[in-house]
Number of protein chains: 2
Amino acid sequence: MTTLEQLNSSAAQDVPAFVKTLHGIYEHSPWIPERAAKLGPFANITALKQALQGVVTSAERAEQLGLIRAHPELAGKAAIAGELTAESTGEQAKAGLNLCTPEEFATLQKLNSDYNAKFGFPFILAVKGATGKGLTRQQIIATFTRRLRNQPEDELREALRQIGRIAEMRINDLLAYTPAIGATIMEWAEEIGAWSEDEGALTCTYMTDAHRRTADQIAHWMREAGMHAHIDAVGNVVGRYLSTDPQAKTLMTGSHYDTVRNGGKYDGREGILLPIAIVKHMHEKGETLPFHFEIVAFSEEEGVRFKSTFLGSKAIIGQFDLNLLDLTDRDGISMREVLTQAGHDVTAIPKIARDPSDLLGYVEVHIEQGPVLLNRDLPVGIVTSIAGSSRHLVHLKGVASHAGTTPMNMRKDAAATAAEIILYVEQRCSQDQHASLVGTVGQLQVPNGSTNVIPGACTLSLDIRAARDDVRDAAVADVIKKIEEICQRRSVDVTLEKTVAAPAAPCANWLMHQLAAATERAGVKPFELASGAGHDAMTIAKMTDVAMLFTRCGNGGISHNPLETMTADDAEVSAQILLDFLRNFKAKV
Amino acid sequence: MTTLEQLNSSAAQDVPAFVKTLHGIYEHSPWIPERAAKLGPFANITALKQALQGVVTSAERAEQLGLIRAHPELAGKAAIAGELTAESTGEQAKAGLNLCTPEEFATLQKLNSDYNAKFGFPFILAVKGATGKGLTRQQIIATFTRRLRNQPEDELREALRQIGRIAEMRINDLLAYTPAIGATIMEWAEEIGAWSEDEGALTCTYMTDAHRRTADQIAHWMREAGMHAHIDAVGNVVGRYLSTDPQAKTLMTGSHYDTVRNGGKYDGREGILLPIAIVKHMHEKGETLPFHFEIVAFSEEEGVRFKSTFLGSKAIIGQFDLNLLDLTDRDGISMREVLTQAGHDVTAIPKIARDPSDLLGYVEVHIEQGPVLLNRDLPVGIVTSIAGSSRHLVHLKGVASHAGTTPMNMRKDAAATAAEIILYVEQRCSQDQHASLVGTVGQLQVPNGSTNVIPGACTLSLDIRAARDDVRDAAVADVIKKIEEICQRRSVDVTLEKTVAAPAAPCANWLMHQLAAATERAGVKPFELASGAGHDAMTIAKMTDVAMLFTRCGNGGISHNPLETMTADDAEVSAQILLDFLRNFKAKV
């Protein structure tokens, strides 16, 4: 068995030995460990992985292509001829690629050949899968088909990321390393991810059976981990890992356990399961903290069932508006009825409010839900601010007329007007040097459009977000000014309907610094990014200082979708960072 | 009573008398007849009207504003105080504006004040209406509300057009002139316009009860006008006004009597009723032509019921595909059944085909269905070519991702891609110096779009037309090339589905020249324009030389809509031109 100490020692004194030990990690590419050796010693396995993959991403294009081309085709000729490396043979067999039906084999051969023709290199996929479980042959074929549509530059980067993921798993094997806490988090997420109100999809909305069963399970895991746990009047599952000092203040963490319809398994839930797993780890070792550590599994954040968001965290900060109890779901059932039927006492909701003076702060772990960390080969990132957002619906009214008989200069075309607006939003929101500003037209429609009729109307949505309110406000003002200018010039009527205006919630510097220090100690370069999505931390920020740690999101950063994924290794790194943060936590002075 | 001779004489010898006689035509603006006097003598009443209105449109902006501001408000303070000109008082009373309810009066006062605040001049509307019938108060309020939304420049031109229309009716009154043939055409169009398969809307699709009743009525009018008429096996109503020379060849005219759903009264029908009215006029005077004159009321052009267009004209040229008989309508009834039930012998369809050697040519009168003539203050125009068209459906596939968490530079936004395509189509199709090229994206949709999701898909239609095939083909090629370039750059997949590719049908120069000469003699400057819409003449062009005369379309050029309108005066001018054309017709040598 190889140890990290041995590797560090050979990196310093015997590079050929270092290269030899790692020769199977990156397919036929000794130059990678050779260059990485100079970056040792490695504080931990994560630092080693980061160093090796860093060599790959900073290599010349020709070297990267050489690395990619050194890989075998999936179920390809080399596999048939028995020419794969030992690692590849084992991995491909685990995915059942040696058990293809003739049709599947033919499909894979065709995909291999189309892919090679388009990109000039073989298709590479970490077939062991993100969760550590093997992908099915069907999943492999679906991914292959999807990636064949990528642009060459994007696909090259994707191939390098897959190689990085394969290397990560090979390093784990080499060092007999298991991301134990990460694996626990993934297992738990699988378990509650199966409880849904929809068949074949994960949907867990407020106070449904699936939702209540999930709450009970979370409370159970909290208690097993040595915490005091209860479910409060809005359905938050609250677990407290008590300090030996009863006078101690409380550091809070948490996230939400409800989901969107057909959502992902990690959105929200990571931030509940990860701290429970850490507490379990501490509890098993008899370790306590000099403060009370409270995990809140917020019952509601997504706003799916009652079209009202952050129900759980609003109750915690004492801003749950009791009028919300009269909201009804799509079946006409009120929130009040739903809560009462679930055995909750709605009159107790105001008592949920925490005393801010008891709190040391709040730190939330969450899957990124975007591609930034993935594209930077970083397992985690530190959030600077949760973006505020401005949303509008824009209704354009031009004049519908005959597409054949109305000269170009006599048109009042609502779709062409919308097109100009869309491109301006895109251009204006690409100008932010901090890159936190984003602008999106997600809804776009010419109602009852006909091929031969110039659009008389067009409706579009506008969603502008930024980590800083001044940045967002300036962009919104420019966009609105430009819309008016475009519509004036084109003689098109415009109505702007403001639907959302939420300010940004900046994270507290002192908490960010402590998270960054823990990240550095975990072997990862601290990287800051804004959160474009809203989170429970946004609400909690009204009561106490907050910070957030993001975990890399796989599959191109896709979220709110069953394809949302993360790895046990990344969950482990995130957990180690939060654990280190807790152990080294210093209250604000 | 005033005569045109008197006016011509005073224009030449006694301008003050000319101005005095016409003082009531343009409200408080003697400068208009003063300048028009120099343009005399006027060959006919149309020439007089064109000269007067030409003075208005070529006046300085300040003069135009002065003219507009010389008009009273509708049901305004002047009306209450009894200060209107005699003409205005009569016209406003005819529209029942003296009978407003208190609510209507309050609405009109509010509209007057909003309109004046926006444009700085009073609202002007030829309340007598386009058909010579008075508009209802409800119609006036609806038009007022709609025009209040116009841009100032457009509304100024609209006000001048309304003044021109008011002047036209005042000149008719002054000279005791009635556009008799025009009035007949309008009345007939009203009569058959009331026969519809839909309540409260004009819908007359192939072989419905309304359609067959319309055919019978047309045959009846043809016979009354002295023609031999029959309904052929596809439902065309064919009327022949025979020459005294039985060996004479045939000059053909016509248009279609079917409509789109909720269509206009003049689309197609003008080109049937107008020549019948002319024949009636000739017949009453015992006038014959040196050739047989055949009017074909085509049974089908719009393609509504069986999604197949030009059924009537295809039978006439012998290109009716008998497989079409198996097409079914939305109730599953086949065309064969429908025709058989209506008493038609479908085996006789091939016999409908004409012998091209018997034909002198084909000339079709049609409402413009666009704003070109309206914007040029011209009652008629001569068509140069019926545009060919290319249609495509464009399917874009990007990557749907989170609007908050996906940085601008990592997006594959299908809607932004569509926006770039739309603006390119607009820009490219505005480059044609002959202005016949038009490009339209009429359908545009992000399917299931959400405010907070970057569009992963977008579908748009593409409709490109031009009078010349080389012009259209070049534009289509450029657009397709640009789409591919945009999609490549944005990493968005594109599928182009070609749905229509029809070549242009150029009109015959020798027929156009004869139409232009007749137009000139009618007091109207000949003006050439392309037809962006398809017409029966397109099909007939495969058999014989064709030409088309367009009549001005009111209401901004709106068509395929109940708001489609024309005036009896314009119908009269068009009829006089066709009559003159027939009387002076010279066969191609």
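In strand E2 of chain B, Gly239(B) is the bridge partner of Ala229(B). The two strands involved are E1(B), residues 228-231, and E2(B), residues 237-241; they pair in the antiparallel sense over four bridges. Pairing requires that DSSP find at least two bridges between the strands. Strands (E, at least two residues) and helices (H or I, at least four) are DSSP runs, numbered from the N terminus. E1(B) and E2(B) form a hairpin with five residues between them. In its turn, Gly235(B) has a positive phi of about 95°.

This is a predicted model: local features need pLDDT of at least 70, side-chain atom pairs count only at pLDDT 80 or more, and totals for chains, interfaces and linings use all residues. Residues are numbered from 1 along each chain as its sequence is written, chains are lettered from A and ligands numbered from 1 in the order in which they are written, and side-chain values use heavy atoms, with hydrogens and water left out. The score pLDDT is the predictor's confidence in each residue, from 0 to 100. Chain A has a mean pLDDT of 93, and 97% of its residues reach 70 or more. The model scores ipTM 0.80 and pTM 0.80.

Next, the helices of chain B. Helix H19(B) covers residues 509-521. The expected span of a helix is 1.5 Å times one less than its number of residues. For the 13 residues of H19(B) that gives 18 Å, and the end C-alpha atoms are 18 Å apart, which agrees. Among its buried residues are Trp510(B), Leu511(B), Met512(B) and Leu515(B). Buried means under 20% relative accessible area, exposed over 50%, and partly exposed in between (1.4 Å probe, protein chains only). The buried residues of H19(B) pack against strands E5, E6, E15 and E16 and helix H21 of chain B. Just after H19(B), Gly523(B) takes a positive phi of about 95°.

Helix H21(B) holds Leu582(B). Leu582(B) is buried, at 0% relative accessible area. Beyond its neighbours within four places in sequence, Leu582(B) is in contact (heavy atoms within 4.5 Å) with residues including Leu251(B), Ile278(B) and Phe291(B). Phe291(B) is 291 residues away along the chain, yet the two C-alpha atoms are separated by 9.4 Å. Asp570(B) is also placed in H21(B). Asp570(B) is buried too, with a relative accessible area of 2%. Not counting residues up to four places away in sequence, Asp570(B) touches Pro379(B), Thr551(B) and Arg552(B).

Now the backbone exceptions. Most residues other than glycine have a negative phi, and most peptide bonds are trans. A cis peptide bond joins Gly40(A) and Pro41(A), with omega about -5°. Pro41(A) is in the loop between helices H3 and H4 of chain A. His560(A) has a positive phi of about 55°. His560(A) is partly exposed, at 27%. In chain B, His28(B) has a phi near 50°. His28(B) is exposed, at 57%.

How do the chains meet? A rotation of 179° with 0.1 Å of shift along its axis superposes chain A on chain B, with an RMSD of 0.1 Å. The copies are thus related as by a two-fold rotation axis. The contact takes 62 residues from chain A and 61 from chain B. Of the interface residues of chain A, 98% are also interface residues in chain B, so the copies meet through the same surface.

Technical notes
Least-squares fit on C-alpha atoms with pLDDT ≥ 70 in both.
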